[in-house]
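Please keep the sequence and the structure open while reading.

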Amino acid sequence: MDAIAYLLGIDGGGTKTLVRLTSPQGQVLAEASGPGSALRIGALQAWRVIGQTIEDAFASAGLRRPADETLAVGIGIAGENVAQWSADFRAQAPAFGVLEIVNDGVATLLGAHGGAPGAIIAVGTGTIGLSLDLDGSRRVVDGWGFPSGDDGSGGWMGLRALHHAQLALDGRSHRGPLADAVLDLCRKELPAEPARDERATLLDWLAQADQAAFARAARPVVAHAHDDVAARSILQAAAAEISRMIDTLDPAQCLPLALCGGLAAALQPYLERRQQARIVPPQADAVDGALLLVRRALQPKETPA
């Protein structure tokens with residue numbers, strides 16, 4: 001693998017794509033972020049986003065992007081666990097010198113514990129829990145996808161925030177700061193024209209909303225948990241789902257547990273105290289987990305004696 005000039009670690013999530021560019025020796029040269037590249041948007045569009053973000057990383061480092069065959073790339077991407085999406089994504093991959101692709105949850109697990117045994121719950125646009133046990137076995141909870149799964153995730157919370165706003169507009173529920181903030185978010189994400197009343201604003205937003213949009217609607221939930229009963233109730237319910245995942249993932253409660261993702265900090269105070277006591281800071285992120293995969297792939301293979 002002497003021809004490999006650079007390593008790239010990529011975390012392709014539902015809301016954001018993060019690329020980290022390093023030297024073969026592991027020196028970080030640059031990072032770049034782009035829009036979400038989760039495979040639900042389609043393999044072609046996912047590669048477009050990833051390709052542009054790679055270009056941005058090289059530009060940030062002041063480097064010209066070399067030929068694909070000189071790059072060793074590790075990718076943790078949301079949706080890789082769906083067989084057809086994964087097959088399409090792999091079939092359309094550029095001819096990189098080395099390419100390792102896993103689900104973004106697997107990359108998060110590898111990064112959080114440096115490849116050693118441990119457990120993670122990743123809570124962002126979606127939710128997945130994974131563990132690597134001492135005997136090498138792996139367990140997975142959730143990661144089923146929106147809207148039927150990803151319990152406790154940003155999309156899950158946002159869906160409930162929109163439902164609360166609908167009830168409030170109808171007068172079926174008390175209208176407080178959360179409903180107002182949700183309406184404001186919907187208003188800002190729609191074109192200014194034509195002018196809409198509040199009901200039309202919600203309906204127009206819902207007509208074009210995907211999982212990432214609902215995940216953005218989780219932001220008012222977190223922001224108003226201190227001054228809105230409905231927001232606090234949604235956050236508490238999300239934490240209860242995460243608590244159930246933790247107990248299912250590691251029944252013996254013997255593995256180090258990392259709570260990862262953009263909503264981890266907001267949810268942690270609502271978990272049971274016994275679970276909070278088990279949480280350790282992740283050693284690194286999903287991008288470093290993807291880079292770990294690449295470094296392993298580049299290691300010389302042992303030959304039988």
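How many bridges join strand 7 to strand 8, and do these strands run parallel or antiparallel? Strand 7 and strand 8 are joined by 5 bridges and run antiparallel. The model is a predicted one.

- Four strands make up an open sheet in the order 8-7-6-9, and their pairing is mixed.
- Strand 8 (138-142) and strand 9 are the edge strands, each pairing on one side only.
- On average, neighbouring strands of this sheet are turned by 15 degrees against each other, direction ignored.
- Helix 3 (residues 104-113) packs on the sheet and touches strand 6, strand 7, strand 8 and strand 9. The direction of helix 3 makes about 125 degrees with that of strand 6.

**Strand 6 and its neighbours**

- Strand 6 is joined to strand 7 (residues 127-132) by 6 bridges, and the two run antiparallel.
- Strand 6 and strand 7 form a hairpin, with 3 residues between them. Val123 has Thr127 of strand 7 as its bridge partner.
- Strand 6 is joined to strand 9 (residues 257-260) by 4 bridges, and here the strands run parallel. The bridge partner of Ile120 in strand 9 is Ala258.
- Side chains of a regular strand alternate between the two faces of the sheet.
- In strand 6, both faces are covered: Gly118, Ile120 and Ala122 are buried on one side, and Ala119, Ile121 and Val123 are buried on the other.
- Because 6 of the 6 residues of strand 6 (residues 118-123) are buried, this strand is largely enclosed by the rest of the structure.

**Helix packing**

- A pair of packed helices is described by the angle between the axes and the distance between them.
- Helix 3 packs against helix 12 (residues 286-298) at an angle of about 85 degrees, and the axes are 7 Å apart. Helix 3 is therefore roughly perpendicular to helix 12.
- Helix 3 contributes Asp104, Ala107, Thr108, Leu110 and Gly111 to this contact, while helix 12 contributes Ala286, Gly289, Ala290, Leu292, Leu293 and Arg296.
- By class, the contact of helix 3 with helix 12 has 6 nonpolar, 3 polar and 2 charged residues.
- Helix 5 (residues 177-189) and helix 6 (residues 198-208) have axes that come within 9 Å and cross at roughly 65 degrees. Helix 5 and helix 6 are therefore roughly perpendicular to each other, and their crossing is left-handed.
- On the helix 5 side, Leu183, Leu185, Cys186, Arg187 and Glu189 meet Glu198, Thr201, Leu202 and Trp205 of helix 6.
- By class, the contact of helix 5 with helix 6 has 5 nonpolar, 1 polar and 3 charged residues.

**Backbone exceptions**

- Most peptide bonds are trans, and most residues other than glycine have a negative phi.
- Phe146 and Pro147 are joined by a cis peptide bond, with omega about 5 degrees. Pro147 lies in the loop between strand 8 and helix 4 (154-170).
- Asp150 is also found in the loop between strand 8 and helix 4. Phi of Asp150 is near 55 degrees, a positive value in a residue other than glycine. Asp150 counts as buried because its relative accessibility is 6%.
- Glu193 and Pro194 are joined by a cis peptide bond, with omega about 0 degrees. Pro194 lies in the loop between helix 5 and helix 6, and its relative accessibility of 51% makes it count as exposed.
- Pro194 and Gln211 are 17 residues apart in sequence, and their C-alpha atoms are 25 Å apart in space.
- Gln253 is found in the loop between helix 9 (229-249) and strand 9. Phi of Gln253 is near 55 degrees, a positive value in a residue other than glycine. With a relative accessible area of 38%, Gln253 is partly exposed.

- Thr53 is found in helix 1 (residues 43-60). At 1% relative accessibility, Thr53 counts as buried.
- Not counting residues up to four places away in sequence, Thr53 touches Thr17, Val19, Ala32, Ser33 and Gly34.

Notes
Residues are numbered from 1 along each chain as its sequence is written. This is a predicted model: local features need pLDDT of at least 70, side-chain atom pairs count only at pLDDT 80 or more; totals for chains, interfaces and linings use all residues. Side-chain values use heavy atoms; hydrogens and water are left out. Buried means under 20% relative accessible area, exposed over 50%, partly exposed in between (1.4 Å probe, protein chains only). Two strands pair if DSSP finds at least two bridges between them. Axes are lines fitted to C-alpha atoms, for helices over the stretch in contact, and angles run from 0 to 180 degrees between N-to-C directions. Angles under 35 degrees count as roughly parallel, over 145 as roughly antiparallel, 65 to 115 as roughly perpendicular and the rest as oblique. A crossing is left-handed if the near helix is turned anticlockwise from the far one by less than a right angle, and right-handed if clockwise. Contact means heavy atoms within 4.5 Å. Ala, Val, Leu, Ile, Met, Phe, Trp, Tyr, Cys and Pro count as nonpolar, Asp, Glu, Lys and Arg as charged, and the others, Gly among them, as polar.
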